[in-house]
2 protein chains.
Amino acid sequence: MNPKQTDRRRFLKNSAALAGLAVGASAGALPVAAEPALEHVDELHQYGERSHFVESVRVGSINNPERRLPNEPRDFGLKTPLQDSAGIITPSSLHYIVSHGYEPPDINPRDHRLLIHGMVDRPLILSLEDIQRLPSVSRFHFIECHGNSTTGGLGGPVRISPDATVQDTHGSTSCSQWTGVPLATILKEAGVQKSATWIIAEGADQNKHSKSIPLQKAMDDALVAYAQNGEPVRPEQGYPLRLVIPGWQGINNVKWLRRIDLVDEPYMGMMEISRYPRLMPDGKSRWFEFEMGPKSVITRPSGGQRLATQGFYEITGLAWSGGGAIRRVEVSTDGGKTWKDARIHEPIASKSHTRFSIAWNWNGEETMLQSRCTDDKGVVQPSLAEVAKHWGTDIDFFRKSTLIVSDLNAIQPWKVNQDGSVKNAIF
Amino acid sequence: MNPKQTDRRRFLKNSAALAGLAVGASAGALPVAAEPALEHVDELHQYGERSHFVESVRVGSINNPERRLPNEPRDFGLKTPLQDSAGIITPSSLHYIVSHGYEPPDINPRDHRLLIHGMVDRPLILSLEDIQRLPSVSRFHFIECHGNSTTGGLGGPVRISPDATVQDTHGSTSCSQWTGVPLATILKEAGVQKSATWIIAEGADQNKHSKSIPLQKAMDDALVAYAQNGEPVRPEQGYPLRLVIPGWQGINNVKWLRRIDLVDEPYMGMMEISRYPRLMPDGKSRWFEFEMGPKSVITRPSGGQRLATQGFYEITGLAWSGGGAIRRVEVSTDGGKTWKDARIHEPIASKSHTRFSIAWNWNGEETMLQSRCTDDKGVVQPSLAEVAKHWGTDIDFFRKSTLIVSDLNAIQPWKVNQDGSVKNAIF
């Protein structure tokens with residue numbers, strides 16, 4: 001409350017942009033917004049909309065005909081505009097989508113059932129209403145395409161353009177508060193037999209996407225989710241039921257979940273056979289990878305943005321890890337010479353996006369901004385050089401086209417130019 | 001993993017509805033959803049929509065011409081469908097609205113400014129961009145109309161109908177992750193003078209809604225919020241800037257914030273003079289009430305819902321307090337004779353909705369379901385009888401029509417009838 005004390009905390013004192021705006025005038029001259037037409041207001045009432053001045057949208061590649069298999073429907077991938085993110089929640093309307101050969105099915109929830117069968121004592125068919133009677137939990141979890149921040153996958157080439165935004169480079173991850181029933185609760189109802197070691201989860205999409213998941217993970221923290229950010233799961237995210245497999249590659253989070261088969265070995269489904277094995281430098285292939293490593297990225301300032309003036313900026317971004325909660329985020333504003341601890345904001349949830357920020361005064365010189373995180377297992381996000389040492393040049397695990405960089409969870413550098421422009425520095 | 005152990009945790013074993021559904025069939029007979037027309041899918045891509053099968057909407061009184069003052073524009077109040085809530089986030093499209101005589105203004109953010117003036121050393125005019133350069137925080141906070149769960153305010157009479165839903169009784173509270181700059185940061189930039197003790201916050205709506213708020217609260221935890229649930233604040237909630245005054249009556253959370261005047265006494269604005277003073281049994285009037293007391297309500301099962309069968313149900317609901325975080329929630333399923341501790345779900349944030357749940361087996365008999373919460377100051381949610389002892393019969397603080405019950409934060413009882421129907425028991 002003491003004005004002298006508060007001076008120490010001033011952020012704007014070096015800001016040329018603001019100095020000219022400080023005035024002693026009363027508010028009388030400020031314009032009052034006009035009342036809009038009543039019909040415009042009425043349409044906002046029952047289920048509100050965002051301002052028409054807000055233009056943030058998902059972008060990506062809707063079609064990629066050259067990469068299709070014969071007779072395969074179109075793929076599409078749409079990325080979350082992380083450059084406009086605030087807090088840790090991705091608006092459900094902006095949650096990323098990667099769709100391998102199908103469109104969201106239009107499911108009437110009254111007709112939808114979840115079948116639990118295979119190596120169980122009591123096979124079950126559950127309606128949505130049955131599931132909602134069971135004890136539910138709500139947890140913040142990210143879901144991330146394992147091709148995110150690599151040049152593989154849909155829309156890959158833009159990842160290595162100097163003009164890439166953080167939406168282009170990292171937009172295939174999103175975070176929601178998911179509400180649902182622990183899969184363990186449902187499996188216990190069905191009575192898992194001792195011989196069962198894997199589950200095969202299947203969706204109600206046209207291609208009946210299926211994925212093999214170890215039973216141990218299914219019993220640990222998997223959710224049969226019916227709500228996302230306080231309302232029913234969106235059609236593009238699996239309405240009415242999505243299997244959420246926290247911290248694991250996106251492909252495990254089976255949408256439009258309709259069936260779980262308890263089995264004693266993984267099945268060689270389409271994804272397991274044709275798309276997700278990854279060739280190592282020694283010619284061997286990695287199958288059944290699951291957990292996403294610790295990753296972080298600065299979302300503001302980031303590629304395509306421009307610093308208006310010298311002076312104070314808050315650098316902010318997101319960090320997450322499939323291994324658990326984020327314990328530490330460091331930021332470098334000098335090209336990696338020095339690193340400072342960023343502030344990690346609450347809530348710090350396990351396998352969730354976590355917001356970080358740090359104060360920065362830009363002196364107008366060219367520089368490089370980077371972040372790196374550490375999860376609560378102590379695993380540190382690697383540099384690009386460290387990743388390359390391990391993985392070598394890689395093969396596009398989607399369609400065998402040559403990858404230039406397989407950065408995976410590597411540190412993302414943003415170059416700040418003297419004109420204030422911010423550019424992707426992985427290219 | 002041992003099937004014998006898991007039996008102890010079975011929820012469905014007494015459920016008649018499910019026993020008939022357990023089958024040994026394969027999934028072959030389940031219908032596969034048809035692929036919708038491409039044009040339908042395309043419109044979902046850039047900014048997704050919910051399923052057309054989801055019908056949850058805000059409801060309330062759009063118009064109340066008899067209660068208008070001369071020359072006053074229409075009021076409207078729209079309540080959140082808490083019966084469909086999951087987790088703690090209210091979808092921004094469903095955040096409650098109480099609007100005293102204005103419609104949401106249609107503000108171009110590039111033209112919007114926030115003026116800080118009055119008893120400050122350096123008056124400031126800040127653009128949205130200026131504000132977003134400053135250090136931000138993201139916090140979960142409820143905003144609640146202080147008429148919520150009373151018979152006062154817009155749409156009051158339905159509160160005491162036996163057919164009232166939880167949307168009718170308690171739907172004027174909503175919870176978001178708000179992102180913005182602490183007001184203290186901005187006031188420190190401006191340099192608060194020693195003489196200042198109050199702020200007057202003003203919106204850019206047609207009526208220039210203003211509210212007097214003690215400086216101490218403004219410096220404590222007030223936010224100048226520009227984002228809500230990960231995207232810009234919605235027009236109905238104050239786009240582009242809303243003042244968030246955590247835990248205090250909704251009216252303090254000035255929307256379309258354009259001006260903060262530092263002064264040395266509260267101003268007698270329209271709300272302070274005509275609408276919000278509250279008459280006590282002794283004829284004295286309470287002015288400048290602020291903090292919302294601890295409150296909880298069961299959202300499922302709740303008024304208007306129906307229990308399909310006897311057997312297991314998870315009772316779930318929300319608790320919140322303007323005094324801090326929720327420390328305890330107790331639930332009674334026998335008309336208040338006995339109370340059991342419910343599970344409180346993470347995250348348990350201060351001045352935020354908090355999800356609770358408890359297991360219940362309904363034996364098919366008529367009963368009463370109630371919840372009561374305790375906040376971390378130790379304040380316990382009162383019964384209706386306790387509230388009535390203090391407040392007596394009250395006067396409608398909006399328009400002096402007689403209130404039948406002024407329950408405020410009283411415990412909400414839901415009556416369960418033998419036919420499974422659930423009814424409001426405050427009538």
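Reader: Among contacts in chain A between residues at least 6 apart in sequence, what percentage join residues at least 24 apart?
Author: The model is predicted, and chain A has 9 helices and 24 strands in it. Of the contacts in chain A that link residues at least 6 apart in sequence, the share joining residues at least 24 apart is 72%.

Reader: What part of the 427 residues in chain A is buried?
Author: The accessible surface of chain A is about 15800 Å², and carbon and sulfur atoms hold 51% of that surface. A residue counts as buried under 20% relative accessible area. By that cut-off, the buried part of the 427 residues in chain A is 64%.

Reader: Where in chain A does pLDDT stay under 50, with 42 contacts beyond four places in sequence?
Author: Chain A has an average pLDDT of 84, and 76% of its residues score at least 70. Over residues 1–9 of chain A the pLDDT is below 50, and that stretch has 13 contacts beyond near neighbours in sequence. The stretch with 42 such contacts beyond four places in sequence is residues 394–405 of chain A.

Reader: How many disulfides does a search of the whole structure find, over all chains?
Author: A disulfide needs two cysteine sulfur atoms within 2.5 Å. For A:Cys373, the nearest cysteine sulfur belongs to A:Cys175 and lies 14 Å away; for B:Cys373 that sulfur belongs to B:Cys175, also at 14 Å. A:Cys373 is buried with a relative accessible area of 0%, and B:Cys373 is likewise buried at 0%. Over all chains, the number of disulfides found is 0.

Reader: Which strands are at the edges of the open sheet of 4 strands in chain B?
Author: The order in this sheet is E16-E17-E21-E20, and the pairing is antiparallel. An edge strand here pairs on one side only.

Reader: Which residue in E21(B) is the bridge partner of B:Ile344?
Author: Strand E20 of chain B is joined to strand E21 (residues 354–362) by 2 bridges, and the two run antiparallel. The partner of B:Ile344 in E21(B) is B:Phe356.

Reader: Why is one side of strand E19 and of strand E24 of chain B left without a neighbour in the sheet?
Author: These strands belong to an open antiparallel sheet of 5 strands with the order E19-E18-E22-E23-E24. E24(B) is joined to strand E23 (residues 414–416) by 3 bridges, and B:Val416 has B:Val422 as its bridge partner. One side of E19 (340–341) and of E24 (422–424) has no neighbour in the sheet because each of these edge strands has a single partner strand.

Reader: Is B:Thr374 buried or exposed?
Author: B:Thr374 is in strand E22 (residues 367–375) of chain B. Leaving aside residues up to four places away in sequence, B:Thr374 touches B:Ile326, B:Arg327, B:Arg328, B:Val379 and B:Val380. Its relative accessibility is 5%, so B:Thr374 counts as buried.

Reader: How many of the 8 residues of helix H6 of chain B are buried?
Author: The buried residues of H6(B) are B:Leu183, B:Ala184, B:Thr185, B:Ile186, B:Leu187, B:Glu189 and B:Ala190. The helix covers residues 183–190 and is largely enclosed by the rest of the structure, because the buried count is 7 of the 8.

Reader: With which side chain does the side chain of A:His117 make a polar contact?
Author: A:His117 is found in strand E4 (residues 113–118) of chain A and is buried, with a relative accessible area of 10%. The polar contact of its side chain has a distance of 3.0 Å, and the partner is the side chain of A:Arg259.

Reader: What is the phi of A:Trp256?
Author: Most residues other than glycine have a negative phi. A:Trp256 lies in the loop between strands E12 (242–244) and E13 (257–263) of chain A, and is buried at 2% relative accessible area. Although A:Trp256 is not a glycine, its phi is positive, about 50°.

How values were computed. Residues are numbered from 1 along each chain as its sequence is written. Chains are lettered from A and ligands numbered from 1 in the order in which they are written. This is a predicted model: local features need pLDDT of at least 70, side-chain atom pairs count only at pLDDT 80 or more; totals for chains, interfaces and linings use all residues. Side-chain values use heavy atoms; hydrogens and water are left out. Two strands pair if DSSP finds at least two bridges between them. Buried means under 20% relative accessible area, exposed over 50%, partly exposed in between (1.4 Å probe, protein chains only). Contact means heavy atoms within 4.5 Å. Accessible areas come from the Shrake-Rupley method with a 1.4 Å probe; for residues, only the protein chains shown count as cover. A polar contact is a pair of N or O atoms within 3.5 Å; within protein, one must be able to donate a hydrogen and the other to accept it, and residues adjacent in sequence count only if both atoms are side-chain atoms. pLDDT is the predictor's confidence in each residue, from 0 to 100.
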